[in-house]
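Please read the points below with the structure open beside you. They go from the whole chain to single residues.

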Amino acid sequence: MALDGCGLLCKYILIIFNIIFAVVGFAFLGLGMWLRFSDNTRAVFHVQELSSSAFVMGVTVLIALGAVMLFVVIFGDYGACSEKRCALQVFSVLLAILATAVVVVGVLANSKRDEVGMKLTEFYGTLYLIYVDSQDPGIAVTLTFIHNALHCCGATGVSIIELVQKTCPEPDGFLEHLKMPSCPGVIVDVFNSKAPMMMGIFIGTGVLLMTAMICALVLLNQLKNAHQERTVYYSNVY
């Protein structure tokens, strides 16, 4: 159906949004599945005492989040590419739910930032110990991402004795060649001293989802108008 400039812009924004969303969803799901079924981590999920550990909960969240994102992408991509109103309606509802959930989670995480920081530190510690024991390549990629994102290095940060040195980022300055910030301390500090920034990330993600939802609604409205125009045209002709 014919779309004007605004409709076409929204259509292509949705396609790009869904491509990025799909890539991130596949990354979360793939990482979660690797950590869940890898020979080096599988045993953790069969120990009753660890069933509520931060590592098990973190892996479960990764798998669930990745699956939800890919589920949303199915409706978004199909609706935008095929210009199907029903798919766009479902996509808009899912985005509204996700945006609300992201903001609520951000508020809860901010209100319980000490507990969240400790849980994430525990999650990191489990990854660290498993990697030291097994040298698992999937966990190596995960640690490398965490280290570069937070600019920290392992449990100690001391280059001479650090067991995961090869996953650490390049040092900034002479002193960091000797000792970089340790990751457990940095993780706790992020949620304590940088709470407004973390809250801003959650709110920004919610705004991004709402923007995509608005684009979906604009496209949906234009498709509805185009359909009505065609109906009127054919009713007049025939």
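1. The secondary structure comes to 8 helices and 0 strands. Note that this is a predicted model. Of the 238 residues in the chain, 37% count as buried.

2. Begin with helix H1. H1 has 33 residues, running through residues 5–37. From its first C-alpha to its last, H1 reaches 47 Å, which is close to the 48 Å expected at 1.5 Å a residue.

3. Which residues of H1 are buried? They are Gly7, Cys10, Lys11, Leu14, Ile15, Phe17, Asn18, Phe21, Ala22, Gly25, Gly32 and Leu35. When reading such a list, keep in mind that an α-helix has 3.6 residues a turn, so residues three or four places apart point the same way.

4. Next, the packing of helices. Two packed helices are described by the angle between their axes and the distance between the axes. For H1 and helix H2 (residues 54–82), the axes come within 7 Å and cross at roughly 155°. Because an angle over 145 degrees counts as roughly antiparallel, H1 is roughly antiparallel to H2. The crossing of H1 and H2 is left-handed. The residues of this contact divide into 23 nonpolar, 5 polar and 3 charged.

5. H1 also packs with helix H5 (residues 137–150), at an angle of about 130° and with the axes 10 Å apart. How does H1 lie relative to H5, and which term applies? That angle makes H1 oblique to H5. The crossing of H1 and H5 is left-handed.

6. On charges: side chains of opposite charge can pair when their charged atoms come close. The count here comes to 1 salt bridge. Glutamate 83 forms a salt bridge with lysine 11, and the closest N and O atoms are 3.1 Å apart. The pair links distant parts of the chain, since glutamate 83 is in the loop between H2 and helix H3 (85–111), while lysine 11 is in helix H1, 72 residues apart.

7. Glutamine 135 is found in the loop between H4 and H5 and counts as partly exposed, at 38% relative accessibility.

8. Serine 134 belongs to helix H4 (residues 113–134). With a relative accessible area of 21%, serine 134 is partly exposed. How far apart are the C-alpha atoms of serine 134 and threonine 41? They are separated by 9.4 Å, although the two residues are 93 residues apart along the chain.

9. Isoleucine 187 lies in helix H7 (residues 183–193). It is buried, with a relative accessible area of 8%. The C-alpha atoms of isoleucine 187 and glycine 117 are separated by 6.3 Å, while the two are 70 residues apart along the chain.

Conventions:
Residues numbered from 1 in each chain as written. Predicted model: local features only at pLDDT ≥ 70, side-chain atom pairs only at ≥ 80, totals over all residues. Heavy atoms only, no water. Axes fitted to C-alpha atoms, helices over the stretch in contact; angles between N-to-C directions. Helix = DSSP H or I, 4+ residues; strand = E, 2+ residues; numbered from the N terminus. Parallel < 35°, antiparallel > 145°, perpendicular 65-115°, else oblique. Left-handed = near helix turned anticlockwise from the far one by under 90°. Nonpolar A, V, L, I, M, F, W, Y, C, P; charged D, E, K, R; others polar. Salt bridge = Lys/Arg side-chain N within 4 Å of Asp/Glu carboxyl O. Expected span 1.5 Å × (residues − 1). Buried < 20%, exposed > 50% of the residue type's maximum accessible area, 1.4 Å probe, protein only.
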